[in-house]
Amino acid sequence: MTISVVSPISTSRGQHNKAAPFWYGGAASCVATLVSHPFDLTKVRLQTIKGSGASGMLTTMVYIVRHEGILGVYNGLSASLLRQGTYSTVRFGLYDQFKAWVAKDKKPTFWQLLFCSTSAGALGGAFGNPSDVVNVRMQNDGQLPPAMRRNYRNAIDGLIRICREESPKVLARGIGPNMNRAILMTCSQLTSYDAFKQFLLDQLNLKDGFMVHLEASIFAGLVATTVCSPLDVVKTRIMSANKHRHQTLVKHLADIAKEEGVRALFKGWTPAFLRLGPHTIVTFLVLEELKRWHSSFVGTPPTTT
């Protein structure tokens, strides 16, 4: 079995196998979330700390364990799983569908991949926004004063209480930065992975296999984390706030840079990268295994790149 990150449908010769079920990407991302959630929670905590004297990643994780217990690093897990079940299912599923529609039986061009990833990322970000609001709030709850904590029992309870206690409109809070981040994530992650993988195979003449996939995933994670970090900080600040100031994305970015310095736009970069690397690898290892089972069931050969 050959692992492929960006081409669950297409092959290197431009051939198309029977498409895997739409929900496979979301299911694989949920499995990966079990590995990456502690880093995601740490990233959210760091991003919501205002000022230049923020703690580091390890310090923050140790603080969480000391004050909230060893399972504290999995606070908000139900919301993270719901987010991946919505955001990633739509993002991966539509990306494959769009590629099949746009490229037909040919190998997709760079611009076709960019169009497909942009469209899929925007729709995935919008569809997953309600669960992301709950996700950010549940992860940030532990560092708030007890009187200010929301104490959602789980993701569904959070969705219901937000609609009942605030307004259904709150579930759309931060949708602009979230969609922009989803677009950047989908484009930078998938496109850069493909480019790095082809470089390793074509220019360095490496054998296609686990090490190539691992190296390409790490490089893609680095690019995606850096590109998405400023929008991720803004999105987290907006979603975790009790009251939302209606400002443009550019104004939010400018205010943070002016009040806290440009480095504040990259708060949580290290845990975000440590999360994204393993998350990317685990997601696609699981996705390819699901595809292999599917291919065996429907009688088509496994997809390769």
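Biologist: Which residues does V31 touch, leaving out those up to four places away in sequence?

Modeller: V31 touches V282 and V286. Keep in mind that this is a predicted model.

Biologist: How many residues apart along the chain are V31 and V282?

Modeller: They are 251 residues apart along the chain. Their C-alpha atoms are separated by 7.5 Å.

Biologist: Which helix does V31 lie in?

Modeller: V31 lies in α1.

Biologist: Is V31 exposed or partly exposed, and why?

Modeller: Partly exposed, because its relative accessibility is 37%. The cut-off for buried is under 20%, and exposed means over 50%.

Biologist: Now the helices. At what angle do α1 and α10 pack?

Modeller: The angle is about 170°, and the axes are 7 Å apart. That angle makes α1 roughly antiparallel to α10.

Biologist: How many nonpolar, polar and charged residues are in that contact?

Modeller: The contact of α1 with α10 has 16 nonpolar residues, eight polar ones and four charged ones.

Biologist: Let's zoom out. What does the secondary structure come to?

Modeller: The protein has 10 helices and zero strands.

Biologist: How much of the protein is buried?

Modeller: Of its 305 residues, 51% count as buried. The accessible surface comes to about 14200 Å². Carbon and sulfur atoms hold 64% of that surface.

Biologist: And what share of the contacts with a separation of 6 or more comes from residues 24 or more positions apart?

Modeller: That share is 77%.

Biologist: Core next. How many residues are in the largest nonpolar core?

Modeller: It has 14 residues. Those with the most contacts inside this core are L94, Y95, F98, A120, F284 and L287.

Biologist: Which helices each supply at least two residues of this core?

Modeller: α1 (24-48), α3 (77-103), α4 (110-127) and α10 (269-298) each do. The largest share, five residues, comes from α3.

Biologist: What about a second core?

Modeller: There is a separate one of 10 residues. It includes A79, V133, V134 and Y152. In general, nonpolar side chains tend to be buried together in soluble globular proteins.

Biologist: At roughly what angle do the two axes cross?

Modeller: At roughly 100°, and the axes come within 9 Å. The two helices, α5 and α6, are therefore roughly perpendicular to each other.

Biologist: What classes of residue make up the contact of α5 with α6?

Modeller: By class, seven are nonpolar, two are polar and two are charged.

Biologist: Backbone now. What is phi of N151?

Modeller: It is near 55°. That is a positive value, and N151 is not a glycine.

Biologist: Where is N151?

Modeller: N151 is in the loop between α5 (129-140) and α6 (155-166). N151 is partly exposed, at 49% relative accessible area.

Biologist: What about phi of N205?

Modeller: N205 has a positive phi too, about 55°, although it is not a glycine. Its place is the loop between α7 (175-202) and α8 (210-240).

Biologist: Why does N205 count as exposed?

Modeller: Because its relative accessible area is 64%, and exposed means over 50%.

Note on methods: Residues are numbered from 1 along each chain as its sequence is written. This is a predicted model: local features need pLDDT of at least 70, side-chain atom pairs count only at pLDDT 80 or more; totals for chains, interfaces and linings use all residues. Side-chain values use heavy atoms; hydrogens and water are left out. A nonpolar core is a set of buried Ala, Val, Leu, Ile, Met, Phe, Trp, Tyr and Cys residues joined through side-chain atoms within 4.5 Å. Buried means under 20% relative accessible area, exposed over 50%, partly exposed in between (1.4 Å probe, protein chains only). Helices (H or I, at least four residues) and strands (E, at least two) are DSSP runs, numbered from the N terminus. Axes are lines fitted to C-alpha atoms, for helices over the stretch in contact, and angles run from 0 to 180 degrees between N-to-C directions. Angles under 35 degrees count as roughly parallel, over 145 as roughly antiparallel, 65 to 115 as roughly perpendicular and the rest as oblique. Ala, Val, Leu, Ile, Met, Phe, Trp, Tyr, Cys and Pro count as nonpolar, Asp, Glu, Lys and Arg as charged, and the others, Gly among them, as polar. Contact means heavy atoms within 4.5 Å. Accessible areas come from the Shrake-Rupley method with a 1.4 Å probe; for residues, only the protein chains shown count as cover.
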